Amino acid sequence: MAAAPAAAGSGAGRGRRAAATVAAWGGWGGRPRPGNILLQLRQGQLTGRGLVRAVQFTETFLTERDKQSKWSGIPQLLLKLYASSHLHSDFIECQNILKEISPLLSMEAMAFVTEERKLTQETTYPNTYIFDLFGGVDLLVEILMRPTISIRGQKLKISDEMSKDCLSILYNTCVCTEGVTKRLAEKNDFVIFLFTLMTSKKTFLQTATLIEDILGVKKEMIRLDEVPNLSSLVSNFDQQQLANFCRILAVTISEMDTGNDDKHTLLAKNAQQKKSLSLGPSAAEINQASIVFPPPGASEENGLPHTSTRTQLPQSMKIMHEIMYKLEVLYVLCVLLMGRQRNQVHRMIAEFKLIPGLNNLFDKLIWRKHSASALVLHGHNQNCDCSPDITLKIQFLRLLQSFSDHHENKYLLLNNQELNELSAISLKANIPEVEAVLNTDRSLVCDGKRGLLTRLLQVMKKEPAESSFRFWQARAVESFLRGTTSYADQMFLLKRGLLEHILYCIVDSECKSRDVLQSYFDLLGELMKFNVDAFKRFNKYINTDAKFQVFLKQINSSLVDSNMLVRCVTLSLDRFENQVDMKVAEVLSECRLLAYISQVPTQMSFLFRLINIIHVQTLTQENVSCLNTSLVILMLARRKERLPLYLRLLQRMEHSKKYPGFLLNNFHNLLRFWQQHYLHKDKDSTCLENSSCISFSYWKETVSILLNPDRQSPSALVSYIEEPYMDIDRDFTEE
């Protein structure tokens, strides 16, 4: 069946002959050879000239041809549909004809989506293909859009039932016939018009499904601000409609360009950013600003929309529906939390009490216990990442990550008792309470015995070693710690055994997954940074040389994954060495990790490898941290007036590898790129400042000193690159 459309249009020679035949007619002036009809219709569909519709044939001719070709009477039905759908028609006959056409296409679509198509079929061409080829798709678009036409000031109307039939037929044709969806996507006025059909509950589901398919292939995203009365439309949705509408929103607010992926180079991203600045906001950004949320009164007790309990479905199917609807809502919220409207969305999420709602749903739905046979899609197994159950969990964890990341609203993930615990930790340590904790509206936090963060920690510690959730769980918890380091936040998690759990996964289970290891190293770094108690706990767990060697092996196996931990330990060591405190002195003398990092050969080994594994052309959001970690090591050396020593040692290491100049030239280029990237007016430097507790001005000064062109400067890179090996002016493109 899939090959039929290709067969109709195959052969360049046949296509040229058909075009010549059509041109010779000048329209319908003669009788074409029956064998050429489909080819000529296909050519007309592509060019817009010649044969394009059933109305260009006589009914007698179509009936005669149908006997041979077995077209199921579809061309004749389209001929009648055209005759009964004129502007002054009452559409009763039109609706009857649609009722005849619909089952001919729906059975075919059902067989198509369930992969039950027969290899041999009675007809050469599928019904949906014949329907489209004889102009059925264009005719239905015209019928649906009749209400946009006014006659003597009166808008034409068609019944919801008729609209529903048209939408179903169009959807079935899109499913089975290649190219139909793309053609509909090119009709921008039709796509915008479809939104107006969602005002009726009778046509809502068919409309939403068709819109979703069309937007999935549309080259240029529509703008929601062009949809008439969008605010009124959304405010009248019930909870089930809103959840379905989120499937459409998910497409309209997501950037069509995949250049935001971590694997894309920063050079390409910067070039795209420059281009975007000249073009203005993207359609996705405009759409994010156009989204209208339901008023607080429309929010369900659970915090997310759910399906009607009146629907008579088996319990397993009800749960499946609950999961799929909530999945779409969570995705939309995730996208919005990462967009320009982030603060506004944060405020709404807080006011609508979404976080307490998610907390209540945690055991009931999100991390519920289920049997091995529950919620498994056909052709998949329970642990497959395509499973709705697993996808919901991952989307939930991504939402927590986006919600907590560098935002004071992260404390809404706790309950009142846990917030009091944070205050008590600060009081005991004799440090000021975190301002964001004091400012948290206690009426908006989680209720119950445990907050959402604590619930997450509990399931995280029980997760099997091979679980795909480990990465996302670690990312969600790490985002709670990101930003300005908070001793109280760290101690809250340390008291719940998080550090020991991470070390068990890294050392005792000898985790092999690079993604999971990276997320655990990042989390461990944030958990231990500047925290003496954390280093004491580390030393207590890693209490043998054998364990420490396994830990070092994991670190050294991939510095791209572990460099954030190396950075945090290096920064912590620098702070501890400048403190006069017995507790700190004890940790400095006993901790294997601090002793290891304190050695200059260790620091030089890390520095050499960090610079060597990255290049300007291969820098991504994922590995640029290696460049910043190398800078941290050199900034701390500069503070101790040891920067020339470290550069001289790098030069010696170059010579020992028999490649003089290759490392320092590369580093010079990387630092030039760093200036272009981080000194751009749109770049946020606070992340570098907060994570390192080093002012951004000191970062800039250090880079400038290293890039000083004066070869007499003891802190300039060029002073350590011999003239014959100098290669520092190479241009790097941003294309």
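Reader: Okay, and where is Lys353?
Author: Lys353 is in the loop between helix H18 (342-351) and helix H19 (354-366). Helices (H or I, at least four residues) and strands (E, at least two) are DSSP runs, numbered from the N terminus.

Reader: Before I go on, what kind of model is this, and how are residues numbered?
Author: This is a predicted model, where local features need pLDDT of at least 70, side-chain atom pairs count only at pLDDT 80 or more, and totals for chains, interfaces and linings use all residues. Residues are numbered from 1 along each chain as its sequence is written, and side-chain values use heavy atoms, with hydrogens and water left out.

Reader: Got it. What's the phi of Lys353?
Author: Phi of Lys353 is near 60 degrees, which is positive, and the residue is something other than glycine. Most residues other than glycine have a negative phi.

Reader: What about Asn229, what is its phi?
Author: Asn229 isn't a glycine, and its phi is positive, about 55 degrees. Asn229 sits in the loop between helix H12 (201-217) and helix H13 (230-235). Asn229 counts as exposed because its relative accessible area is 61%.

Reader: Zooming out, how many helices and strands does the protein chain have?
Author: There are 38 helices and two strands in the protein chain. Of its 735 residues, 52% are buried.

Reader: And how many of the contacts join residues 24 or more positions apart?
Author: Taking the contacts in the protein chain with a separation of 6 or more, 74% are between residues 24 or more positions apart. Contact means heavy atoms within 4.5 Å.

Reader: Let's do helix pairs. How do H8 and H9 cross?
Author: The axes of helix H8 (residues 136-144) and helix H9 (residues 160-176) cross at roughly 150 degrees and come within 10 Å. Axes are lines fitted to C-alpha atoms, for helices over the stretch in contact, and angles run from 0 to 180 degrees between N-to-C directions. H8 and H9 are therefore roughly antiparallel. Angles under 35 degrees count as roughly parallel, over 145 as roughly antiparallel, 65 to 115 as roughly perpendicular and the rest as oblique.

Reader: Which residues make that contact?
Author: On the H8 side they are Val137, Leu140, Ile143 and Leu144, and on the H9 side Met162, Ser163, Cys166, Leu167, Ile169, Leu170 and Thr173. Nine of the residues in the contact of H8 with H9 are nonpolar, two are polar and none are charged. Here Ala, Val, Leu, Ile, Met, Phe, Trp, Tyr, Cys and Pro count as nonpolar, Asp, Glu, Lys and Arg as charged, and the others, Gly among them, as polar.

Reader: Tell me about Met162. Buried or exposed?
Author: Met162 is buried, since its relative accessible area is 1%. Not counting residues up to four places away in sequence, Met162 touches Phe91, Cys94, Gln95, Leu98 and Ile143.

Reader: What does Cys174 touch?
Author: Apart from neighbours within four places in sequence, Cys174 is in contact with Val180, Thr181, Leu184 and Leu210. Cys174 is in helix H9 and counts as buried because its relative accessibility is 8%.

Reader: How many disulfides are there?
Author: Zero, going by a search of the whole structure. A disulfide is a pair of cysteine sulfur atoms within 2.5 Å.

Reader: Last one: how do H27 and H30 cross?
Author: The axes of helix H27 (residues 514-528) and helix H30 (residues 559-577) cross at roughly 10 degrees and come within 7 Å. That angle is why H27 counts as roughly parallel to H30. The contact of H27 with H30 has seven nonpolar, four polar and four charged residues.

Definitions and conventions: Buried < 20%, exposed > 50% of the residue type's maximum accessible area, 1.4 Å probe, protein only.
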